[in-house]
Amino acid sequence: MAQVLSLGLHFPAEPLNTALSSSSSSSPSSKPLRLPHRTRSTHISIPTTAKGGGNRLLKTQKVNLEVSPHRAVSAVRLMRIELGGAFADLLNEKGKGSGENEMGYVQRTLGFRTRELNHHDLRLVTDIVGGTIRWRRYLDHLISSLCHDKNISSMEPLLLQILRIGFYEIVKLDMAPYAVVDENVKLAKVALRPGAGNMVNGILQKLVVLKENEALPLPKVEGDDRAQARALATLYSHPVWMVRRWTKYLGQEEAIKLMIWNNSEPSFSLRANRARGFSRDDLVTQLNALKVPHKLSLHLDEFVRIKTGLQIVIQAGLLKKGLCSVQDESAGLVVSVVDPQPGETIIDCCAAPGGKTLYMASHLSGQGINLSKRIY
């Protein structure tokens with residue numbers, strides 16, 4: 001019978017303040033972001049019971065039902081990342097969109113709360129925040145090109161984030177321009193002031209016209225190597241030093257291909273759990289029934305790739321039932337190289353969180369030992 005043993009080895013180390021900055025309650029990233037006083041729109045006040053001792057006090061929370069919730073949350077997350085040193089992946093994991101922690105930041109930063117986010121809203125938040133970060137250099141170039149003041153670093157932080165969101169939605173997500181303009185103008189007016197909304201309206205309207213006429217103000221790749229590297233860095237939103245290095249070692253054509261891939265929309269991989277007698281064909285059947293778009297892995301027989309629909313898979317209970325798990329194909333390739341066989345003893349010295357360990361254990365068919373260790 002197969003055995004899976006897990007050992008934790010504790011080693012003294014310096015506190016990882018930087019890596020934990022987004023989750024530690026004492027770190028700068030966990031402090032509320034304070035913005036200048038601004039006008040606010042009409043809110044609905046909802047009384048809530050405060051936690052505490054015997055005397056329970058009622059607190060009033062302002063809920064704005066007019067502002068787009070996913071844009072409000074996206075703007076606040078981008079503020080926390082840029083000004084507070086938070087990490088996007090940790091915010092996705094711990095924020096929970098409409099949870100008290102997330103909405104607490106929204107209320108302290110914007111002065112109001114939004115309605116609770118549904119799964120569609122949460123997917124948009126993840127997409128907008130991640131995409132805006134990946135394409136920030138490109139977006140900032142467009143924003144500065146369309147603003148009277150070319151130095152956007154002096155712009156109000158929240159106003160800049162709202163513009164970045166609007167530009168990303170129009171240029172990269174191809175959302176309906178009228179909806180993007182209307183919703184971001186509304187957010188700027190409510191969270192800042194009417195004048196800010198008017199500014200957002202003028203800039204986004206100008207962007208819409210330029211995009212429709214295929215006349216976006218983009219740099220041309222010309223001149224010496226340095227000038228070409230700066231242009232490519234803007235067009236494909238990568239650091240200049242990285243563009244120069246990749247161009248030097250790979251050539252310009254291959255460097256461009258690598259930058260396009262590097263900024264492409266990430267996908268998820270699902271691994272069918274053969275230990276439960278659940279094959280990839282079974283997983284594909286379930287995904288078809290759930291209408292989740294997918295592609296078969298080109299390298300591993302038990303993996304399926306998806307870009308959207310992970311929340312649908314979670315709601316259907318496939319992960320909870322242990323029929324499949326979310327696992328990157330790179331981790332699966334490690335197991336394919338090890339090629340575990342029944343009766344073998346395997347020692348995994350880098351076993352956190354344990355995905356590869358479970359995958360190897362499924363290959364042992366109930367015969368063998370899988371000894372896993374983690375260092376922390």
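1. In this predicted model, the buried residues (under 20% relative accessible area with a 1.4 Å probe, protein chains only) of helix 10, residues 240-250, are Met242, Val243 and Trp246. Seen down the axis of helix 10, these residues fall within an arc of 100 degrees, so they line one face of the helix; the arc is taken from the directions from the helix axis to the C-beta atoms. On the other side of helix 10, Trp241 and Lys248 are exposed, which stands for over 50% relative accessible area.

2. The buried residues of helix 10 pack against helix 9 (225-235) and helix 11 (252-262), where contact is defined as heavy atoms within 4.5 Å. Gly251, with a positive phi near 90 degrees, follows helix 10.

3. The contact includes Val73, Leu78 and Ile81 of helix 1, and Leu124, Ile128 and Ile133 of helix 4.

4. In the largest nonpolar core, which has 51 residues, Leu110, Leu158, Phe167, Leu187 and Val200 touch the most other members; such a core is a set of buried Ala, Val, Leu, Ile, Met, Phe, Trp, Tyr and Cys residues joined through side-chain atoms within 4.5 Å. Helix 6 supplies the largest share of this core, 10 residues.

5. Residues are numbered from 1 along each chain as its sequence is written. Local features need pLDDT of at least 70, side-chain atom pairs count only at pLDDT 80 or more, totals for chains, interfaces and linings use all residues, and side-chain values use heavy atoms, leaving out hydrogens and water.

Methods
Helices (H or I, at least four residues) and strands (E, at least two) are DSSP runs, numbered from the N terminus.
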